[in-house]
Amino acid sequence: MLQGKKILLGITGSIAAYKSAVLARLLVKEGAEVKVIMTPAAHDFITPLTLSTLSRNPVLTQFAAADSGQWNSHVELGMWADVFLIAPASANTMAKCARGMCDNLLTAVYLSARCPVIFAPAMDLDMYNHPSTGSNMTMLEGRGNYIIPAATGELASGLTGQGRMTEPEHVVSYVNQFLDRHNSLSGEKIMVTAGPTREPVDPVRFLGNQSSGKMGLAITRELSLRGAEVKLILGPVGQVPVIPNTEIFNVVTASEMYGVSRKIFHDCKAAIFSAAVADYRPENVLSQKLKRKEESIDLKLVKNPDIAGELGKIKTSEQVTAGFALESSNALEHAREKLKSKYFDFIVVNSLEDEGAGFGHDTNKISILDKSGDWKDFPVKSKREVAMDIVDHLAGLL
Ligand code: PMT
């Protein structure tokens, strides 16, 4: 239920604006107080009269109301709301929000809003898939906004693909879940390790792995949404995102990751070890680039610290730790072993045998094995949703 929640509903110029009428009605039915802001372009698709009737509040479009001359303060609107939901969000409005342009009331409210902002995009499939739109959405998410991915189906253009605004019922359930989770871990310090590590061979080469960091970053975003103070120890993943409530420590090698983790861990209530850490590193790092002379060379490797295992040994009874097991066979057996040897409270198992699971994908398929012996399987989901399941499990233990 959304009883007593204040929802600012932003509507932009898209054919999906007709869905906003149902959305406004459903939000009011759930007990929310709804105020609607429309961009000028939204008026071409739906009338303010429909939305003011359904939301039971005047609809706002201009900085000043034409008839009364009354000022619609973008600052006050942004402070009034518990959540600013922009649905449908056109490519144009998302681009303006990403770049900080505010040539209408909706975009000005976006820039001054202190509440969380959720976008439900709607546009044609080629616009949705355009790198510019993709980079705007990434930028918006990186700044702590939330995006409900567009659904796939028939589009107004007659084409079929991803771009439809997700159905109003789904948006309402997203908002419900969102507000339940939002700030539910407020004040908890949580450490996350994420991404790959790289072990140098010479000044040019390294031993690494295929982790993109997506899983660990999704966990970090979920913890941040829930209000946790996150300490993210991140291996080399390219562009480092900005995530609210999150302090990021960039590291390269397993030894560096261990050094930083050791300093931070004692002060944290929980830790999630999602990094793909190199178990071995070259014993000697060459100071000059290795030349191509010999037919074969021997590279002697020595063991890296087991970060989760070492911290597991010093963890207090108050602290909760969760690890991952990336397996290519006998997942349950190996996971049980790691759960025990690394003193985890639970372990998230993902197997390279499953389609859409593991490295690089935007999806993952996990099972959670608890130290009590409980085993729970989940279907393939987006890494964002997988992160929700993992953090739900963690929250249950805190
Ligand atoms: O980054 P993505 O592309 O999104 O991919 C996600 C992922 C596949 C990397 C992630 O889901 C995952 O499985 N991470 C753990 C990978 C791994 O190294 O698993 P492992 O079974 O080798 O290690 C077991 C646990 O010990 C892990 O929690 C690991 O972080 C930790 N470990 C391992 C070795 C080491 N020296 N120190 C550690 O802390």
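**Exercises: helices and sheet**

Helix H8 (residues 168–181) lies across E1, E3, E4 and E5, and runs at about 155 degrees to E3. The model is predicted; local features need pLDDT of at least 70, side-chain atom pairs count only at pLDDT 80 or more, and totals for chains, interfaces and linings use all residues. Numbering starts from 1 along each chain as its sequence is written, and side-chain values use heavy atoms, without hydrogens and water.

**Exercise 1.** State the strand order of the sheet and which strands stand at its edges.

*Solution.*
Step 1. The open sheet has five strands in the order E2-E1-E3-E4-E5, with parallel pairing (strands are DSSP runs of E, at least two residues; helices are runs of H or I, at least four; both are numbered from the N terminus; a pair needs at least two DSSP bridges).
Step 2. E2 (33–38) and E5 (146–147) each have a single partner strand, so one side of each lacks a neighbour in the sheet.
Step 3. E4 (residues 117–121) is joined to E5 by two bridges; isoleucine 118 has tyrosine 146 of E5 as its bridge partner.

**Exercise 2.** Describe how H9 and H13 pack.

*Solution.*
Step 1. H9 (residues 214–225) and H13 (residues 383–397) pack at about 60 degrees, their axes 8 Å apart (axes are lines fitted to C-alpha atoms, for helices over the stretch in contact; angles run from 0 to 180 degrees between N-to-C directions).
Step 2. H9 and H13 are therefore oblique to each other (under 35 degrees is roughly parallel, over 145 roughly antiparallel, 65 to 115 roughly perpendicular, the rest oblique).

Technical notes:
Contact means heavy atoms within 4.5 Å.
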